[in-house]
Every structure is written in structure tokens, then in C-alpha cells.
Amino acid sequence: MAKPKDKYRVPVLDGKISIPKIVPGASSYEHMIEAQKEDMEALGFPSKLQDGWKNKALGVFKEILDHNKAVRDYMDICVRCGACTDKCQFFLGTADPNNMPVQRQELMRKVYRYYFTPSGFFKSLSNAQELTEEVLKEWYTYFWQCSECRRCSLYCPYGIDTAEITMAARQIMDSIGLGQKYTTEVIHKVFKTGNNIGIPPAALRNTLDDLEEEIEEEGGKGVKIPMDVEGAEVLLVPPSADFFAMPHMESLKGYAKVFHKAGISYTVSSYASEAGNFGKFIGSYQNTKEINKRIWDEARRLKVKRVIIGECGHAWRAAYMYSNTMNGPFDFLDSKYKQPTHICDFTLGLVKDGVIKLDPSANDDKVVTFHDSCNVARGSRIGDAVGGQFTIPRELIKAAANKFVELREGTTKESTYCCGAGGGLLTEEVMNVRIAGSMPRMQTVKEAVDNHGVNFYALICAICKTQFTKVFPLYGLDAEMVGGIHQLVSNAIIM
Amino acid sequence: MEPLNLTTAIYLLFTYSVGLIFVIGVVLRIYQYSVTPQPIKIMLTPAPLTKSGAFARVLGEVFFFKSLFKSNKATWVFGYLFHISFFLLIFMHFLRHFIYSNPLPWWYNIFVGIGIVCGIVMVLSLFLLLMRRVVIERVKFISLFQDYLILVLLMLIGLAGLSLNYVLTPSALTVVDNQLDPYMNGLLTFQFTNIPSNPLFLIHYTLVMLLILYIPFSKVMHFVGIFFSPTRNMADNPIEERYYRPNAKDLSI
């Protein structure tokens with residue numbers, strides 16, 4: 001089935017999210033670039049596939065089965081009811097059956113059957129499969145076409161989470177030296193420079209100075225973005241894209257204005273200049289923990305009272321869900337506050353208390369819609385109430401803009417589609433997978449644009465922002481529509 | 001008392017072995033799932049904030065298949081009908097043992113009638129579930145031998161059970177019933193009596209034993225696994241209450 005990849009294949013937007021007829025092997029030629037030697041070694045993995053990889057892989061597989069309840073349980077209990085088969089955006093977009101969640105899991109399950117269950121005895125009958133180089137190739141292809149968004153898990157009668165299986169598969173592959181360049185490179189940069197982009201402290205300070213100037217030019221007098229200030233009240237940890245990428249930077253200006261108007265002292269850190277945690281993407285507990293540790297070490301060193309995380313999806317999941325387990329407890333911080341706090345929760349609280357004032361008419365040129373990011377929607381909570389991750393961003397948008405419309409029902413809140421680039425897929429070589437994976441979401445965006453005149457696509461995830469900025473033009477939509485919620489706040493805040 | 005025949009001896013051995021394998025298999029699984037640590041909180045949000053809330057969420061899945069209802073209405077209907085009728089039938093088979101007496105209570109025929117309806121519903125829903133696997137392209141693609149095997153096995157059990165009521169004459173069925181009751185009693189009290197020798201009954205009985213034998217090695221273990229699913233059974237309180245499992249190791253999250 002493999003065809004040469006000459007140019008991007010962009011689906012036509014007709015507003016329909018239809019279930020495709022399956023095309024075996026349709027995306028089998030979409031591969032990640034393999035990891036570089038120095039990155040793998042820096043992460044504690046072998047640099048390349050070596051003799052005896054099979055036994056090593058099976059050893060790690062066994063260890064995971066013995067030390068990870070989710071993987072252990074999910075290997076056994078799938079009944080192949082097929083409820084998940086039409087739920088994954090990558091299947092809907094690529095039509096490749098291996099992108100149906102159950103079939104993606106089957107790639108690992110068939111190896112599990114062969115080595116770890118009695119049915120391995122009836123090999124072909126029960127679909128038990130030896131771990132061969134061929135199978136490993138399949139793993140590398142398809143476990144790198146999953147964005148770990150967990151939409152399938154929502155619809156599974158047992159809650160089987162393909163993300164957990166993808167993470168386990170990536171962990172096994174990494175441990176035998178078969179890594180992915182993008183994620184390992186990013187993690188290596190975090191360890192070297194403190195952020196995913198690899199920007200050293202002096203350059204970061206320069207950028208912050210430029211941003212301060214920009215804010216001043218836009219009428220925000222005296223707004224500062226302090227760095228490495230000991231004794232500040234708040235440590236703000238945004239995704240590093242907020243420092244350098246567009247439209248992410250607009251949100252950083254928003255945060256800065258909020259802190260300025262609220263009169264709360266804060267600081268960013270050059271050591272923990274990244275909220276994102278790619279360790280999670282490769283399923284590595286150790287790397288996730290190490291990356292996460294920087295934030296809390298910095299909170300200790302700078303003697304802050306609270307930690308606030310910027311607009312970033314998986315970063316918020318890592319911070320909210322993993323921090324306390326991996327690097328807690330946080331008794332050295334002020335117990336008045338939730339540790340960590342999401343920036344939207346923080347800003348909305350200030351608005352509600354009247355500490356800062358927003359003028360929603362400042363955004364009257366915009367018709368806003370909101371995309372629930374998968375890791376926030378299905379992997380965490382914002383605020384105190386169940387579902388706060390849905391209500392708080394929406395309330396904040398409505399406080400900052402008058403015109404707000406929801407995307408199509410059934411594709412929002414916990415049922416949201418992934419942007420198509422989460423989980424370490426935000427890299428050029430799999431652009432066709434990213435385009436295909438964004439298709440369901442793009443159908444609903446097109447509908448909102450055509451029917452409601454939507455012209456601002458509000459996000460709280462750095463990966464979503466980057467992905468949509470890239471794919472909007474390919475689908476014939478304006479990339480300028482993409483922005484953060486704090487970009488709206490930045491416009492609306494009364495200085 | 002009638003001496004035990006060879007058929008009974010074989011079936012007694014078979015039944016006890018199956019029972020032993022089933023119990024050991026299921027207990028081992030429960031043990032395995034219980035002792036395997038979950039390294040990190042992974043509940044699918046929005047999730048209940050308390051442990052009891054999370055348990056209620058699991059019960060919602062167990063009793064109402066809530067997530068399946070959200071994802072596929074047809075599968076939910078077929079699956080729900082099957083599970084309900086199957087469980088009613090298991091329950092009624094046990095119940096039968098307590099109400100079977102001489103003379104029979106006046107409502108015994110109504111009781112049997114309900115059982116027959118359940119049997120028909122079970123076989124029909126299984127047939128529809130099988131059709132799904134054959135007709136829907138995606139479901140056909142993901143279906144494995146063991147998926148068909150369990151459906152066919154259950155259907156055969158249902159059909160054999162129904163045939164006892166439809167193929168046998170009422171007097172022949174009474175003979176089976178009169179022998180079955182002491183045989184079952186004997187299994188529990190070790191006062192063995194002969195198993196009913198009717199071939200249709202023996203087919204039904206054998207298939208049921210094969211099913212029970214197969215369960216610990218099959219996807220039917222979902223009835224245990226569902227209670228251990230971390231995306232469903234964990235409470236959303238990672239900040240309020242520190243979750244830490246020292247034996248989880250620094251492996252995969």
C-alpha cells in the first residue's frame with residue numbers, strides 16, 4: 001500500500017465526521033525519525049538496538065506487567081466489543097485499522113499472549129505473536145501514531161486506556177534503544193537548559209525584556225516579567241513556547257498583566273522555564289519525575305508561596321496529577337492555595353474577587369470558541385468542583401469576551417477530539433498523521449466558522465496552539481484565529 | 001441406593017477439576033490485580049472526588065454499562081440483554097435447587113416459563129452480537145477466534161438448555177429433574193448419586209463445564225478486571241491526598 005510521500009494529503013472539510021472504510025496499511029509508511037545517540041544516552045537508554053534486544057524487551061515488559069496495574073489489567077480484559085473503533089481521530093483521519101484503539105492495543109496484546117499467557121500455546125488460533133523485528137517495526141510505527149489523548153478510554157466499557165499501553169510500548173522500545181528523535185531531544189534539552197526549546201538563561205532574559213517592551217508599547221506601563229527572583233509570592237511555570245512562539249507569547253503578556261494589576265509578586269525561573277513534561281509522552285516514570293522535580297526544587301530555592309502553571313495541557317496533567325506522587329508533599333508551600341494552581345483558575349478567582357477588571361467589549365471584534373485540550377479535559381481537574389476544567393476556562397472566556405459559541409456537541413468537554421499532535425507527535429516527519437488526526441476537530445471548527453462566524457479559537461495548550469497554527473492554513477482557515485485564553489484576557493484587562 | 005455408574009464417576013471428576021481450576025484461576029487473577037501497584041493516578045476525568053464516589057462509578061459501569069451506552073447504543077442493547085438474561089439464568093438455576101420439591105409448588109411452571117424467556121433472549125442477543133462481528137467491517141476486522149468461540153459456546157449452552165424444555169417430553173424432563181436435584185446436592189455433601197443420563201442434559205452440562213473451565217484463561221475475566229480498572233476506580237484527589245506506591249518502581253507511568 002505504501003506510496004511515496006510527495007506532498008501533504010489534506011482531507012476536504014464537509015462538516016461530517018464519518019467513519020471511513022478500513023484501509024489496511026494506510027498510514028504504515030508514516031515513521032518517526034529515530035532518536036540520536038547523545039539524547040538516548042542522556043535519558044538513560046541505550047543509544048541503539050543491540051544484540052539481545054528481544055530478551056531485554058521482554059524483561060522490561062514483564063517488569064511493567066508486575067509493576068503497573070493498568071497495563072496488567074488492560075492486557076487481559078479487552079473483549080473486543082469494538083466500542084472504541086470509531087472514537088480515535090487517527091483512525092477517522094487515516095482509515096488505517098491499526099489506528100483503531102483496540103487494534104493498536106492488539107499490537108502489544110498479541111506479544112503478551114505469546115509470552116505471558118497459556119494461549120501462547122495455540123499461537124495462530126489465539127493470535128499470539130512472537131516479538132520479531134517485524135512486530136517491533138509495527139510497534140514503532142503505530143505506537144507513535146497515538147497522541148495518548150484517552151478519548152478511547154472514555155468510551156471503553158472497562159476504561160481501557162490506550163495511552164497507558166502506548167506509554168508502556170514506548171518505554172519498552174526506549175529501553176532497548178529504539179527511541180523517537182523529537183521527544184528524546186526535547187527531554188535532553190530540558191535537562192541541559194531547563195526548557196524544551198533549549199534556550200539558556202541569558203537569552204531568556206533578553207526575550208523577557210523584549211516582551212516587557214512590547215507590553216509597554218501596547219499600553220501596559222510598568223508591567224514586568226521577573227526572572228529568578230527569590231522571595232516572590234508566586235513561581236509561574238509556563239510552557240517554554242509561551243516565551244518564544246506565536247500565538248503563545250500573547251498569553252504570556254496576559255499572565256504578566258494579570259500579576260501586575262493584581263499586585264502579586266511573581267517570578268519565572270530560568271531553571272524550570274518549562275511546564276511541559278515530555279517524559280510522560282515516552283511513558284518513562286523516571287524522566288517524568290526528574291523533569292517535574294525541577295519545578296518543585298525551584299519553588300524551594302526561590303522560597304515562593306505558591307506555584308502556578310501556564311496554559312499547557314499535558315503540563316497541567318503532569319503538574320496536577322503526578323507532582324504530589326512523584327515529588328511531593330508540598331508542605332513547604334502555603335497551604336491556603338492549591339499546589340499547583342492553574343493560571344485560568346488563578347485569573348478567574350481575581351476577576352470574581354474584583355481584584356482585576358476585564359472589559360469584554362475589548363474583544364467585541366471576536367467570536368470566540370473553545371477547544372478542550374485532551375490532557376486537561378480527560379486527565380486533570382481545574383479548581384475545586386468536578387468538571388472545573390470545563391467551566392473555569394469557559395467562565396474566564398465569557399468574562400473577557402462577549403461573543404462565545406460552543407463547538408459541536410459530542411466533541412467538547414470530555415468527548416473532545418485531540419488536536420492531532422499531542423503525545424510527542426508534534427514533529428514534521430509525521431505531518432500527514434497530524435493533518436489526518438486533526439480532521440475531526442477541523443470539521444467542527446469549519447462548521448463553527450461557517451455557521452457562527454467564529455474568528456477566534458481559544459486554547460489552553462501549547463501543543464494545540466502550535467498544531468492548529470500549522471494545520472489551519474492547510475485546511476484553508478486563518479492561522480491568526482488561533483490563540484490562548486490569556487490573549488483574550490490581555491486584550492480585555494483594564495490597566 | 002443405586003450404585004454409581006461410570007458416566008457419573010467421570011463427570012464427578014470432571015466437575016470437581018473444573019471447579020478447582022475455576023476457583024484457583026479466578027482467585028489468582030484477583031490476587032495478581034490486587035498486588036500489582038498502580039504507579040500514578042490515571043483516572044479519566046471528570047471523576048468523582050472521593051473513594052466512595054469512584055466505587056459508585058465502577059458500579060455504574062458494572063450494572064448499567066454506562067460508558068458503552070455513551071459509545072454505541074446497539075452494542076449496549078445486545079450486550080445488556082445478554083448479560084441480564086445470562087445472570088438471571090445463572091441465578092434461577094441456583095434458585096431452582098431450593099424450590100424443586102415433590103409435589104412442585106403451583107407457580108413452578110411460571111418460574112420455568114421465565115427461564116425459557118430468558119434463554120430465548122440470551123440466545124437471540126448472542127446471535128445479534130455474533131452478527132455484529134460478521135457484518136460490521138471494523139468489528140469483523142478486530143474479531144479473533146476466541147471472540148467467536150465464546151459466543152458460539154454460550155449459544156450452544158443456551159440452545160441445549162432450551163432443547164431440554166422443547167425436545168424432551170414433560171415426563172422425560174421430570175426424570176432428569178428428579179435425578180439432577182440429588183446429584184447437585186451430592187456434589188456439595190459428597191453423598192454422590194448418579195447424574196441424569198439424558199444425552200441432551202449431558203450436552204448442556206458438559207458445555208457449561210467447558211465454559212467454566214475456559215473462563216480463567218479468557219476475556220471473560222473482564223468481570224474481575226473491571227473492578228481494578230484505574231481509569232475508573234480512582235478518586236480525583238491527587239492534591240488533597242498524596243498518592244504514593246513505593247513498590248511501583250521507576251518504570252512506565
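Biologist: Which residues are buried in α21(A)?

Modeller: Please bear in mind that this is a predicted model. In α21(A), the buried residues are A:Ile485, A:His486, A:Gln487, A:Leu488, A:Val489, A:Ser490 and A:Ala492. The helix spans residues 485–492 of chain A and is mostly covered, with seven of its eight residues buried.

Biologist: What covers the buried residues of α21(A)?

Modeller: The cover includes the helices α13 (248–262), α16 (343–352) and α18 (388–400) of chain A. It also includes the strands β5 (368–370), β7 (456–459) and β8 (482–484) of chain A.

Biologist: Let us move to A:Ser147. Where does A:Ser147 lie?

Modeller: A:Ser147 is in the loop between α7 (133–142) and α8 (151–155) of chain A.

Biologist: Buried or exposed, would you say, for A:Ser147?

Modeller: A:Ser147 is buried, because its relative accessibility is 2%, and the cut-off for buried is under 20%.

Biologist: And leaving aside neighbours within four places in sequence, what is A:Ser147 in contact with?

Modeller: A:Ser147 then has contacts with A:Gln89 and A:Phe90, and also with A:Cys418, A:Gly422, A:Gly423 and A:Leu425.

Biologist: Now the aromatics. How many aromatic pairs does the structure hold over all chains?

Modeller: There are 33 aromatic pairs over all chains. In one of them, the ring centres of A:Phe259 and A:Tyr266 are 4.1 Å apart and the planes lie at 10°, so this pair is stacked. A:Phe259 counts as buried at 1% relative accessibility, and A:Tyr266 is buried too, with a relative accessible area of 5%. In chain B, B:Phe86 and B:Phe87 form an edge-to-face pair, with 6.1 Å from centre to centre and 75° between the planes.

Biologist: Is B:Phe87 buried or exposed?

Modeller: B:Phe87 is exposed, because its relative accessible area is 52% and the cut-off for exposed is over 50%.

Biologist: Which residues do ring pairs link into a cluster?

Modeller: The cluster consists of A:Phe61, A:Tyr112, A:Tyr114, A:Tyr115, A:Phe116, A:Trp139 and A:Phe143.

Biologist: What lies over the face of A:Tyr155?

Modeller: A:Lys87 does, at 5.0 Å from the ring centre. In chain B, B:Lys73 lies over the face of B:Phe69, at 4.4 Å from the ring centre.

Biologist: Let us turn to chain B as a whole. How many helices and strands are in its secondary structure?

Modeller: Chain B has eleven helices and zero strands. Its C-alpha trace spans about 70 × 40 × 40 Å along the principal axes. Chain B has 253 residues, of which 49% count as buried. Among its contacts with a separation of 6 or more, 73% are between residues 24 or more positions apart.

Biologist: At what angle do α1 and α9 of chain B pack?

Modeller: Helix α1 (residues 6–35) and helix α9 (residues 199–214) of chain B pack at about 25°, and their axes are 9 Å apart. The two helices, α1(B) and α9(B), are therefore roughly parallel to each other, the cut-off being under 35 degrees. Their crossing is left-handed.

Biologist: Which residues in α1(B) meet those in α9(B)?

Modeller: From α1(B), they are B:Thr7, B:Tyr11, B:Phe14, B:Thr15, B:Val18, B:Ile21 and B:Phe22. They meet B:Leu202, B:Tyr205, B:Thr206, B:Met209, B:Leu210, B:Ile212 and B:Leu213 in α9(B).

Conventions
Residues are numbered from 1 along each chain as its sequence is written. Chains are lettered from A and ligands numbered from 1 in the order in which they are written. This is a predicted model: local features need pLDDT of at least 70, side-chain atom pairs count only at pLDDT 80 or more; totals for chains, interfaces and linings use all residues. Side-chain values use heavy atoms; hydrogens and water are left out. Rings of Phe, Tyr and Trp (its six-membered ring) pair if their centres lie within 6.5 Å; planes under 30 degrees apart count as stacked, over 60 as edge-to-face and the rest as tilted. Buried means under 20% relative accessible area, exposed over 50%, partly exposed in between (1.4 Å probe, protein chains only). A charge sits over a ring if NZ of Lys or CZ of Arg is within 6 Å of the ring centre and within 35 degrees of the ring normal. Axes are lines fitted to C-alpha atoms, for helices over the stretch in contact, and angles run from 0 to 180 degrees between N-to-C directions. Helices (H or I, at least four residues) and strands (E, at least two) are DSSP runs, numbered from the N terminus. Angles under 35 degrees count as roughly parallel, over 145 as roughly antiparallel, 65 to 115 as roughly perpendicular and the rest as oblique. A crossing is left-handed if the near helix is turned anticlockwise from the far one by less than a right angle, and right-handed if clockwise. Contact means heavy atoms within 4.5 Å.
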